[in-house]
Amino acid sequence: MSVPVRAGPSNWRRAATLVLAAGWTRPVPAAPSRPQPPAEGFRVLLLQRSASQGFLPGAHVFPGGVLEAADSSTDWLRLFAPHHWPPRLGLGPAPPQRAAFPVLPNVRPGAVDEDAAALPDDIAFRICAIREAFEEAGVLLLRPRGPRPPDQAPGCALAPPPALADWRARVRRDPRHFLSLCAELDCTPDIWALRDWSGWITPFSRPGGRRFETTFFLCCLNEPPPVFPDLMEVVDCQWSSPSEAIESLISKEVLLAPPQFYEIRRLGNFASLSDLHKFSLDRESEGTERWMPIILFTADGTIHLLPGDEMYSEDSNFLENCMSTGKKTEEIMSEGKTFHRIVLYNSHNYGDYTGYSIHVTVLPKYKHVYPKSFVMGFTGSILLGFQYLH
């Protein structure tokens, strides 16, 4: 193995992503003499980015974006009062702080660093994810001001506000206007409906690339809300079951970055929305793992190594480096036994590749679940210069 030359300082940002899963009743073929009730399932919201975007043009992503200082502002406390008080605003105990590799530079917005009273990170990231869902998809995950209902049933989205386009433009220009919108509607962001799910850090792949530390939340909804793409960053949308999303990837109808591919395959472990929702509730006190893949360039492909894989190394040098080898992907795979990796065959940064797979032989931690190993083959020219934002 060889290690390319170290890159210079990267432009790190923090971000939040929202995996929206909504209930869906799927038809079941009935036997001729015995009709069967529809089966419960769920679909996930995917947004198609504009082809003119510099970041993941044309790709399908979950709603999300960069954390802004306004998301952490103490001005939110006046809106949550008098029913929800700091520091947790009714979220319950803070999840445990898991030992995380790597240690990142301070990437929180500068204005927040100067405010010791700013909202806790896990609240600010929830507000960020909810704000971005509104900006990109017109989905309002808000709750009328008042006591939180005692049950923890799946949530629901509000109808879009009057003058949706105007409000969205104002929030896009200045994120502080999202607080104004919530106050206008006499609502608060439904931070209680979001469950900690995962964390992804952009791996190093080339000097000068944008880097993100992104928190992924899961939000289960009883039914899919109307979606209104902003027609700027986002030009289309679809609700897809995990299997439908993978079928669309195989047929080249959608492009998924490695984190989306991994997370959709992870969601494939659940047969129904109720199963997924119960699982997310049962493990919410466990917190999440935060992963920075290490990229290994082979002679004919790319492997994204994840923690637990026998080739993964918690070496801080890989914060600004990747691996390379003259061996082919097939040879690397044949030499190993303990896998936690995403494999992209026959491509490096750009170009044609003929397969996209996940290999998992390690056990999950903290009451979570990992995807089952999955090998997929297809052909086509697909962008691989992924950045792990959303």
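Modeller: Contact here means heavy atoms within 4.5 Å. The model is a predicted one, in which local features need pLDDT of at least 70 and side-chain atom pairs count only at pLDDT 80 or more, while totals for chains, interfaces and linings use all residues. Residues are numbered from 1 along each chain as its sequence is written, and side-chain values use heavy atoms, with hydrogens and water left out.

Colleague: Leaving aside neighbours within four places in sequence, which residues is Asp309 in contact with?

Modeller: Asp309 sits in the loop between strand 12 (301–305) and strand 13 (323–324), strands being DSSP runs of E of at least two residues and helices runs of H or I of at least four, numbered from the N terminus. Beyond its neighbours within four places in sequence, Asp309 is in contact with Thr338, Phe339, His340 and Arg341.

Colleague: Is Asp309 buried or exposed?

Modeller: Buried means under 20% relative accessible area, exposed over 50%, and partly exposed in between, with a 1.4 Å probe and protein chains only. Because its relative accessible area is 4%, Asp309 is buried.

Colleague: At what angle do the axes of helix 4 and helix 5 cross?

Modeller: Axes are lines fitted to C-alpha atoms, for helices over the stretch in contact, and angles run from 0 to 180 degrees between N-to-C directions. The axes of helix 4 (residues 164–173) and helix 5 (residues 177–184) come within 8 Å, and they cross at roughly 145°.

Colleague: Which residues of helix 4 make the contact?

Modeller: On the side of helix 5, the contact is made by His177, Phe178, Ser180, Leu181 and Glu184. The partners from helix 4 are Trp167, Arg170 and Val171.
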